[in-house]
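Hello,

I am passing a structure on to you, with some notes on what turned up in it. Have a look at it first, and then read on below.

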Amino acid sequence: LTSSSLTSSAIASASRRYPVFVRSSTDDDDDGWGTTEEKKEFLESLQNERSKSVSVEQRTRRQSETTPMSSSDNERDLFIPIFALVSLAGLFGAYGYEMLRLASRGELYLPWNN
């Protein structure tokens, strides 16, 4: 075996495993992602789709604002107000209990009763 045949067989085996890209003189300006005209058309189509979707979202938002709410929408989540009221009732209840307990033992300090 000669060195040239060894080299060409190594290149052939490598080209079977990995793609070999050979640039020709006609595609020097091609970056592999298509022509600029194709890019421009693609970007314009994306822009049109985006503007259509935004206008549809705005229309549905306006319609939801103008249509009266149904009875199921009038139902409100009352967890926070109920939790706040129960917490306040518990706080003032504990404070009142302690005041009564201390007063019954005679340990309640009132600054105006010196």
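A word on terms before the findings: helices here are DSSP runs of H or I with at least four residues, numbered from the N terminus. Please keep in mind that this is a predicted model.

With that in hand, the overall picture is quickly told. The protein has four helices and zero strands, giving the pattern α-α-α-α along the sequence. Among its 114 residues, 0% count as buried. The accessible surface is about 11,100 Å², and carbon and sulfur atoms account for 60% of that.

Now to the charges. Side chains of opposite charge can pair when their charged atoms come close. How many salt bridges does the count come to? The count comes to one salt bridge, and R101 forms it with E98, with 2.8 Å between the closest N and O atoms. Where do the two partners sit? Both R101 and E98 belong to helix α4 (residues 79-105), and because they are three residues apart there, about one helical turn separates them. R101 is partly exposed, at a relative accessible area of 27%, and E98 is also partly exposed, with 33% relative accessibility.

There is also a group of like charges to look at. On the surface, E37, E38, E41 and E44 gather in a patch of negative charge. One of these residues, E37, lies in helix α2 (residues 36-66). Its relative accessible area is 47%, so E37 counts as partly exposed.

I hope you enjoy looking through it.

Best wishes

Key. Residues numbered from 1 in each chain as written. Predicted model: local features only at pLDDT ≥ 70, side-chain atom pairs only at ≥ 80, totals over all residues. Heavy atoms only, no water. Helix = DSSP H or I, 4+ residues; strand = E, 2+ residues; numbered from the N terminus. Buried < 20%, exposed > 50% of the residue type's maximum accessible area, 1.4 Å probe, protein only. Areas by Shrake-Rupley, 256 points an atom, 1.4 Å probe, with all protein chains shown as cover. Patch = residues over 30% accessible without salt bridge, like charges linked within 9 Å, V, L, I, M, F, W, Y side chains within 5 Å. Salt bridge = Lys/Arg side-chain N within 4 Å of Asp/Glu carboxyl O. Lys, Arg positive; Asp, Glu negative; His and termini not counted. Charge placed at Lys NZ, Arg CZ, Asp CG, Glu CD.
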